[in-house]
Amino acid sequence: MIIKFMASTHTVKKLSIFLFSIIVFSACTRVSTSEIGLGLLPSMDEVMTKDTIFDVETQTVENLDSLRIYGTDEHVLGSISNDPMFGTTQASMYFQLKPSYFPFYIPGQKDSVTIDSAVLVLSCRGFYGDSTSSLTLNLNKISGATPLDITKYYASNYPEAYNLQLGSALASPYKVDFTKIKDSVINRFEASNNQIRIKILPSYAYQFIKEFDSTNAYKSDSTLREFFRGFALTTNANSNVLLRINMTDTNTKLGLYYRSQSNGKIDTTVSYFRYSMYSNGDANFITRNRKTAEISKHLNATTSMNDSLVYVQTSPGTMIKIKVPGLKNFKNRIIHRAELVAEQVPDDAKVNTLETQMLPPQFLFLGVYDSVSKKIRNVPNDYVGTSSAEYMNRFGGKLVYKSIQGYDKVASYNFNVSRYVQGLISRTDSLFDFRIMAPVNDSIALTMPYPNNKTLTTDYLGTTLGNQPAVGRVRLGGGKHSKFRMRLRIYYSEL
């Protein structure tokens, strides 16, 4: 008897759960998997949750804002000459290095100093593109006619505005061997790796070690700049790779190797000149040419605002204009999740070659265009600045790979605009056009969320978000693409 009673009770419990499940799921309408996740959606037994997709209109335009690369940022050096989708890139560097003190001198009696060598060492943090292609570096002096200005931050995408000129060659052309960059350099002076070491010509090694001293070039910071304007690094135009160079770590330096009689002994020693972002001039120029590339057919179009293909190139680069016309007629509802979804359109012809080398940006930024101030600002109520990693993750923009449409690895970017949409339909907040870009060093106007939205500040989008200068490009599906359509998806409930 007891056993039968327990069994029947268990059966009643199972039947109750089953009936409850039917009631819950029958109350739901078109609930499907969110692109970001359903973490903020209400329980299905509490409210009827629906979803809808809004069409977007898209267009690719140039991002004409000046890019400035600061001393703490990675610099880029090299060229991209074979990217049929985005065109060519040429990157050069102009910089100064100096001793740690002034007046500087080589220890020991000057007549006893014997020159060993002078070597320019660069800290290589990696590369972007095809490391099997040939890359040759050319090291010159900066011409005395066009000295670097240590008080100026040079706009990287406008080298023609400064016209820095090359002086005589300081070294023979240096061919980068990517197979050996990671090799360790171990000697009595250092133990390191990830270095590019360019040997200075003997005549200039002689100048740095024997001719320059504390009575002339090494007397002060300013006199060194008068005697030697700095280093210029350029590259051949037929490579397909960009080097990422760090200026501030201990791997970047000018090493002067010599022997001198000091304290009664003759011994080999080294003196280092290093980069200082506070007192050294520095320019990293990046020139893009998209005239013959695929992107040129879609760039800055004046007749169409609804392209099926759109293109984002890391600064100095391009961005996307986005309109969502249907939002202005969307009735007041409870918004649980609104997300803008952007997905890469793979290049079938190069999906296993060039597409594995020219990778997408690590981070895309979604802002809105303020037609009154003519500036890009934050998405109201959703983007609250870079100060909080948690809020940045909630807002979105980080690169995520998906397996969709028969492809194993498709770059995608999602943006959470739920509060912005809620403000549009509940408080009739202003409707803006969106902008998607791949920032490096940019600033935007930032307003706090409602009700503090009258407070205006500035937010800085730096390299800590994940993008380095000129590194990253992606072709995305526009509002009319058949497979990878950009879209605004909204999960909502009726009031």
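In which strand does Asn284 lie? Asn284 belongs to strand 16, residues 282–289. Strands are DSSP runs of E with at least two residues, helices are runs of H or I with at least four, and both are numbered from the N terminus. The model is predicted, so local features need pLDDT of at least 70, side-chain atom pairs count only at pLDDT 80 or more, and totals for chains, interfaces and linings use all residues. Residues are numbered from 1 along each chain as its sequence is written, and side-chain values use heavy atoms, with hydrogens and water left out.

Asn284 counts as buried because its relative accessibility is 3%. Buried means under 20% relative accessible area, exposed means over 50%, and partly exposed lies in between (1.4 Å probe, protein chains only). A polar atom of the Asn284 side chain lies 2.9 Å from the backbone nitrogen of Val76. Leaving out residues up to four places away in sequence, Asn284 touches Ile69, His75, Val76, Ser92, Met93 and Ser156. Contact here means heavy atoms within 4.5 Å.

Empty space was examined next. Rolling a probe the size of a water molecule over the atoms shows where such space is left. A pocket is an open set of points on a 1 Å grid over the protein atoms alone, where a 1.4 Å probe fits, with protein on both sides within 12 Å along at least five of seven lines; lining residues have an atom within 4 Å of a point. The largest pocket holds about 600 Å³ of space. Volume is the space filled by probe spheres set on the points, which are joined across faces, edges and corners. The lining of this pocket has 28 residues, and Asp65, Tyr369, Lys374, Lys375 and Ile376 lie nearest its centre. Strand 25 gives the most to the lining, with four residues. Strands supplying at least two residues each include strand 2 (57–62) and strand 21 (375–378).

Lys374 also stands out in its backbone. Its phi is near 60 degrees, a positive value in a residue other than glycine. Lys374 sits in the loop between strand 20 (365–370) and strand 21. Lys374 counts as exposed because its relative accessibility is 57%. Gln405 has a positive phi too, near 55 degrees. Its loop runs between strand 22 (400–404) and strand 23 (407–416).

Two cis peptide bonds can be described. One joins Phe102 and Pro103, with omega about -10 degrees. Pro103 lies in the loop between strand 4 (88–95) and strand 5 (114–129). The other runs from Ser315 to Pro316, with omega near 0 degrees.

Methods. A polar contact is a pair of N or O atoms within 3.5 Å; within protein, one must be able to donate a hydrogen and the other to accept it, and residues adjacent in sequence count only if both atoms are side-chain atoms.
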